Amino acid sequence: MKIKTISRSSDTYVPVRNTQESALPRNLNPALHPFERAREYTKALTATKMERMFAQPFVGQLGDGHRDGVYCIAKNFSTTNQIASGSGDGVIKYWNMTSRREAVSFKAHYGMVSGLVVTPKQSHMLSCGDDKTIKLWSVDSEEFDRSYGDDEVYTAANKGLIKTFLGEHSFKGIDHHREEELFVTGGATIQLWDMSRSKYISDLSWGADNITTVKFNQTETNIIASAGSDNSIVLYDVRTNSPIQKVVTSLRTNCIAWNPMEAFNFATGSEDHNGYLWDMRNLGRSLNVYKDHVAAVMDIDFSPTGEELVTGSYDKTIRIFRAREGHSRDIYHTKRMQRIFCTKFTTDARYILSGSDDTNIRLWRANAADRANVKSSRQRAKLEYDAALKERYKHMPEIKRISRHRHVPITVKKAGEIKRTEIESLKKREENARRHSKPGSKPFASERVKHIRGTAIKDDKN
Amino acid sequence: MQPRNKKQTNKSTKKRSSKKILDAFQIAERAENGSDESDYGNDDDLEVVDGVLNANRFLKDGSRDTTRIRKDDSNDKFEDEELDSDEALGSDDDYDILNSKFSQTIRDKKKKQKVNERKRRRGEQVSDEDSASDEDDEEGYASIDESQLVSLSEAWDMDDRDLKESQKAAGKDANDGKDVVFDDAWETEESASDSESESESESGSEEEDEEEDDEEDIFKHESGDEYDEDDLDLSNTVSHLKSQLKKPEASKRRLLAETREENEFVLPSGGARLSLNDMIAAVDPSVSKDAFLIDSQDGDKSKALATPLPKRIQDRHDRKVAYEITKEEVSKWEDTVKANRQAEVLKFPMNPTSSHRDTATTFRGGSEPQTDLEKKIHNVLTESALVDDKKEATFEEIAVAKMSLEDMKKRTNELRLMRELMFRDEKRAKRIKKIKSKQFHKIKKKERLRNQEAVEGSDMESDGEDHDLKRARERMTLKHKTQSQWAKSMIKSGLSKDASNRGELEEMLRQGEKLRSKQLGYEDGEQSDDGLSDVENEYAKDNEEADENIKKLGKGVLGMDFMRNAEERSKQANLQELEELRRLENGNDLDAFEDLNSSVNVTKNQGRRVYTPGAASTRADSNSVNQATRDEVEEDESTNLVNKLSKKFDVVDNTAVKQSKSKQTEKETIAAEDVAEEESNPWLSEKSAEPTQKSQKVVIVDKSSSKLAKAAAKIAKSKKRKHGSNNNDDEDSIIDMDGTMKIVDHHQGSDSEVDGDDNTEVKMFRQKDLIKQAFAGDDVVQEFEIEKKRVVRDEDDKEEDMTLPGWGDWAGGNKKSKKRKVVRKIDGVVQKDKRKDKNLKNVIINEKVNKKNLKYQSSAVPFPFESREQYERSLRMPVGQEWTSRETHQRLTMPRIITKQGTVIDPLNAPFKS
């Protein structure tokens, strides 16, 4: 008699090689996998909750920080793990982020260090200050054979100093050309310098006011943008050696960042609590407004991918914006962090650095729930699947609520409330005025245009 | 004064709220840090110590200070207003202290004045020794005596007086001022300075507005200039400017005052002009008198250059041009940026590494000479320019090098696939070749033949164009020649003696012959442009081919007698139709349509509008067209009076003729009668009782429709154009079936017209009865109403009497009924009078909301989506591995931005710059 038994060959499920993943037999019969949407929704919800649970944005701080507030941070664009920082007491430091220790430090200036940049070719530090000097520093500690302790910095002779440029006024802001040996400084006038000369090669000033920040475009490398104390943003071209366009806003612009992926777009942080995205070809209106801060935006920086922005604000918080959305996707803060004066993305777009009044340089994750460890392919697939689900179901009320929920400092919250009520009342007032005046006599002002007072060269379109 | 005042306050409140927005954080912070002002003050101090310069604020202060100075200079009116607004508002909102120390003394003086005035108004004594402390101030506010208050106008007067007095006394009150400074140093009081700062901002609002105006004016001015310049020519501008510039130069006189000392580079000229003679005298005094400038001799030619544009304007032009250039330059990035934005996946670092990969196809022999001899030869060759490295590159290499990675992959895949297919085919051919069974080969061949026939048969039916194509293809494939591989092999293997093969070969030869003759012979004359004759020609050709096919077939189903007969019949029918069409085209007889009427309406499809794209239902179409034309003509005729009169009879005649005509028409009428009978069936809706009215055929003539249909449509159209003036609605050749129904009706009623009407009435009555019978006992309407009432009641708010019977009552006989009732209200779903279906008679709208479902419902369509359907569609397909294939899953879950850990993401390199 023949007896039928269930037999299963081990060939079907035992992997041939040990590197091969064992096959997971699965039945594709849709009847066995019902309620697909409900299940995926639940998965998305769980993923969202997990993300919030694992959200730990703060990584650590660099060394012991400075002895005074950190007012400028400069990236070394050719490495991922080296940055420079300058503080209010004139000390500049070069950091190794892997070990989170300082490599070298110099007492560079009397008074504040008002600008700092790492030169792209040799990776030297170039600093400028209120003492009317620009100094070039070597960061290779072998060249000068020792590093100081924090106390000795103030007294020891600076052996790393390579070159000093003397200026006519105190400087505010400095930036280096990406390809050529040129750099530009702000201050009473905006000046273009050649590395090999001791005097500036041209003065690009347009108008008489102070320039507080200057930035070279990273892609279309000959274009400079500057912001000054006359509430203006001015564009310059190095090739034609002249300013080219100027826009005046209602309040002062504190910071500028060029989009590294989109040559003609740049973002600015303004005293009116907002960030703005501009197209340099049409400054008659800004492309986007980044709202959420409740105090002046002190620094703004693009992610190297060009998809995100980080802003540091006077309200002691860091916010991260998606470049094409108007509100922040995340807010970072700690209890001890004071006013933030500089924020930067690292060159691999994974971390964020912030320098603040409380003398520390802090390191944050760009994605709070992200972890840097090596992941198995399966884990990676799972994370990707989760991300896709979250993206898909992000409009569902519960998921939206959970993913948007953040603890914010009570002051920020309250300030936000005050702001909201006041803005509402202003809006209402305006609406009333509009209602009681001749139709069309009080047109609606777009939020993207409202803050602009005018441009020097009128666009053809407008 | 009054409205202006109002306006001002209005503006100031606006200003205040906008200021509050800006300072929201500080306010919140202050509130959070506790109410002690000292804390805040410290905070402010810290700000300064830290070197945090909120420059904006300082700027404002600065501007305020300047305005203040200006105000001091200006007359008293301004002052008045300022005070006025200050006092009128009297608000003590919290604002940050203005710690500006730029112009303290001025401010202090003013403050002093103000304090004095305020105090005077309060009826307090002004004493210099009174240092105004915080509490004092507060108390002062608290203890205002209304009787002591002075009216506003009086206060102004007093103010004026005070001001004058104080101005007079300003000189001698030196220690007074000192005191005030001291005062201010002590003054941590918020209220005073706050209100002051506020007043400043309020009164300053106008000024600031003016400033704003100024700012805008600057641009206006500039833009205005530019506008002018745009209009005028550059030369015009230059001349204009010159004329403007020269005048002042002429009138201007310079005072030369050399104060410099003499040194290596500079000589004091002492005001005297240095002439050429002077200079030459220094070298050679003998010729000094003869020296002259050559240029000055021929004066007219050597004119001074035109005055250049003023630098300001020149710069502006430069900037404008530079901006244009830069814009242009930067716009080159647009495509790259757009591509990146629209990319589904962006992988960073992005700048492609252009390393050339050697593949098997780009194999290169040792290009480097290795041995000495080789080197020598190579040297010689290169010297004599016989070797060119560029030439060595093979074509493939170039092609590959030019392609992108994706393209290359694609191409490689294609090649691989082709190779694979070829290989398989070869294998298969070999295997089949090996089979020795004759049976198998026979079957195989038969199958092939059948396939071929099927293909040809289908071709026969299809259009002429296809046929042409096919013929061309045939010609190309050399089916008519014996040079083909197959034919050769047949001949070679001697299989040509086999009967069937032989037949095949012969057929091939015949075909070739035919084609050749066609090529030589009557090919040219056959072309004609006329539509109808073209159709005919095509048909003739088709016939020919069909005949040949039939001949060729010999055996098989198609070769059988009945099939042939059928073919013949259909051919005849078609020819007949053609004939008729032609007749139509030439003449105008309606008889054709009358004749054709025979087949109308029998096969009508009920209740469906049919769009026929030709081929399949040509006949039906042509019929319908005919029908339509006939109807039109009928209608036309009916307008004629005579026709009208005789119409009835005509119709009767018509039907009579029809009856006599053929069996088919009889059948039709019977069918029509059937339909009429069916009309009385109450279970069918009224409309279905008139079947012909519903079935509307729309003939759509397009490319795909056959020639016959096209021709028919054309004819119909031309016909229509002839009659077309009074009936426009037949454009889409919809058949109006009333005509036929009428005929049917008349036919019915032709026996007894009087009875006919009665009959229908009786029928109607019967229908009603039937309906009643069918729905007997179903009182649907009332039932519905009852249900609705019940629902309304159930979903309404309810009141429940919670009073416990007997509780708190007196017992006994004549007790009073209790007054106080405890009533609990239970919220229902929706109140009675707020229902959505309150005014809707036949509807019950369910207004229950399932709260558990709310969690899964979004209140509105989220932003990027435009409609609910769109959003739901985006959620429909699951992403997970359980529901999709692995590839799809991976594709769907791929993140948009992929960065590589630990690598620098460089700014984009310009792809157009390399």
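Let's start with one link in this predicted model: Lys20(B) and Glu422(A) make a salt bridge, their closest N and O atoms 3.3 Å apart. A salt bridge here is a side-chain nitrogen of Lys or Arg within 4 Å of a carboxyl oxygen of Asp or Glu. Between chain A and chain B the count is eleven salt bridges.

**How the chains meet**
- Chain A brings 92 residues to the contact and chain B brings 86 residues, with contact meaning heavy atoms within 4.5 Å.
- About 7800 Å² is buried between chain A and chain B, and carbon and sulfur atoms give 59% of that; buried area is the accessible area (1.4 Å probe) that two parts lose on being put together, summed over both.
- Met261(A), Arg281(A) and Arg392(A) supply 8% of the area that chain A buries against chain B, more than any other three residues.

**The largest nonpolar core**
- This core has 31 residues, and Leu235(A), Trp258(A), Phe266(A), Trp278(A), Met280(A) and Trp333(B) touch the most other members.
- A nonpolar core is a set of buried (under 20% relative accessible area, 1.4 Å probe, protein chains only) Ala, Val, Leu, Ile, Met, Phe, Trp, Tyr and Cys residues joined through side-chain atoms within 4.5 Å.
- Leaving aside neighbours within four places in sequence, Leu235(A) is in contact with residues including Ile224(A), Pro243(A), Trp258(A) and Leu283(A).

**Reading the numbers**
- Residues are numbered from 1 along each chain as its sequence is written, while chains are lettered from A and ligands numbered from 1 in the order in which they are written.
- Local features need pLDDT of at least 70, side-chain atom pairs count only at pLDDT 80 or more, and totals for chains, interfaces and linings use all residues; side-chain values use heavy atoms, leaving out hydrogens and water.

How values were computed
Buried means under 20% relative accessible area, exposed over 50%, partly exposed in between (1.4 Å probe, protein chains only).
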